[in-house]
Amino acid sequence: MVQPTVGILHPGSMGAAVAACTAANAAEVLWCETGRSTASVERAAQFGLTPVSTLAELLGRSDIVISLCPPAAAEDLARDVAGHRFAGVYVEANAINPTRVQRIAGLLEPDATVVDGGVVGSPPVGGKMPTLYLSGPADATERIEALFVGTAVQAAVLGTEIGKASALKLAYASFQKTSRVLVALAVGMAREHGVDQELLDVASKRADSYLSEPQYVAKTAARAWRWGPELEEAADALEAAGLPPEMLRAAASTLARWHDAKDDGELTLTDALDRLAQP
């Protein structure tokens, strides 16, 4: 079987690592360096991705394109791709709600074949093995499955309906990310009254609780710029299903207090709680 050429839009921490995994079963993995940050250039080089100068060149050479970008940019990016009449397989793998995925499919079809995707888990580095859930036309999802055979990304097909993979991603994110926000609020309130250590002692007796991992609050703060928009997407999905979205919108609002902590790997629990207490 002829190996496909893969294009990644754009190589963030998840996108670059996922794209690098496809190299095992692809002829080449491309990314567009124009307008990207120094961090993106360094990350792409670290993962062995091949730079091209323009989006048109990337699309012209790619058989499969994987879109992994901040949720707010997903439709604009798809619109740019549609403007070039890309005719391959487009994997919409962003953390967006099913309605938006369906709109994106409408933008790209019939020129491209759209596969709905959702990554659950951490980037595939250091022994971590996330799952890429897929839904869409069977022949296209089979091609994406084949890309990840023998790699740290486990592909799993949910069916042919566009929106299923995104729904699963957001359903999980709505629990996992909101739970982390609740931990930060609980520890913050306890600290204000001088009983934070006692709270952690109580939590240590319940090892299955996120509350027993307060050190993760700093990581939550550093990821808030991505997690907040994901929870807004999940809230939209709840509302569309006739379910109350207020809890997730409140969690997203809490995460917004950490927006300036973007990807700060030096942040401590104390720093994160201090920032959370500032309106």
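Let's start with an arginine that is tucked away: arginine 100 is buried, at a relative accessible area of 9%, where anything under 20% counts as buried. This is a predicted model, and its secondary structure comprises 11 helices and eight strands. With a radius of gyration of 20 Å, close to the 19 Å from the globule rule for 279 residues, the protein is as compact as a globular protein of that length.

**Around arginine 100**
- At 3.0 Å, the arginine 100 side chain reaches the backbone oxygen of proline 71.
- Beyond its neighbours within four places in sequence, arginine 100 contacts Pro71, Ala72, Ala74, Glu75 and Glu233.

**The largest nonpolar core**
- This core holds 27 residues, and the members touching the most others are Leu49, Ile64, Ile66, Leu68, Val91, Ile144 and Phe148.
- Two or more residues each come from several elements, including strands S1 (5–9), S4 (64–67) and S5 (89–92) and helices H1 (13–22) and H6 (138–147).
- Helix H1 supplies the largest share, five residues.
- Valine 91 touches Ile64, Val65, Ile66, Ser67, Val115 and Ile144, leaving out residues up to four places away in sequence.

**The protein as a whole**
- The C-alpha trace spans about 65 × 40 × 35 Å along its principal axes.
- Buried residues make up 46% of the 279.
- Among contacts with a separation of 6 or more, 64% link residues 24 or more positions apart.
- The accessible surface is about 13200 Å², and carbon and sulfur atoms account for 53% of that area.

Methods: Residues numbered from 1 in each chain as written. Predicted model: local features only at pLDDT ≥ 70, side-chain atom pairs only at ≥ 80, totals over all residues. Heavy atoms only, no water. Core = buried A, V, L, I, M, F, W, Y, C linked by side-chain atoms within 4.5 Å. Buried < 20%, exposed > 50% of the residue type's maximum accessible area, 1.4 Å probe, protein only. Helix = DSSP H or I, 4+ residues; strand = E, 2+ residues; numbered from the N terminus. Contact = heavy atoms within 4.5 Å. Polar contact = N/O pair within 3.5 Å; in protein donor to acceptor, adjacent residues only side chain to side chain. Rg over C-alpha atoms; globule rule 2.2 N^0.38 Å. Areas by Shrake-Rupley, 256 points an atom, 1.4 Å probe, with all protein chains shown as cover.
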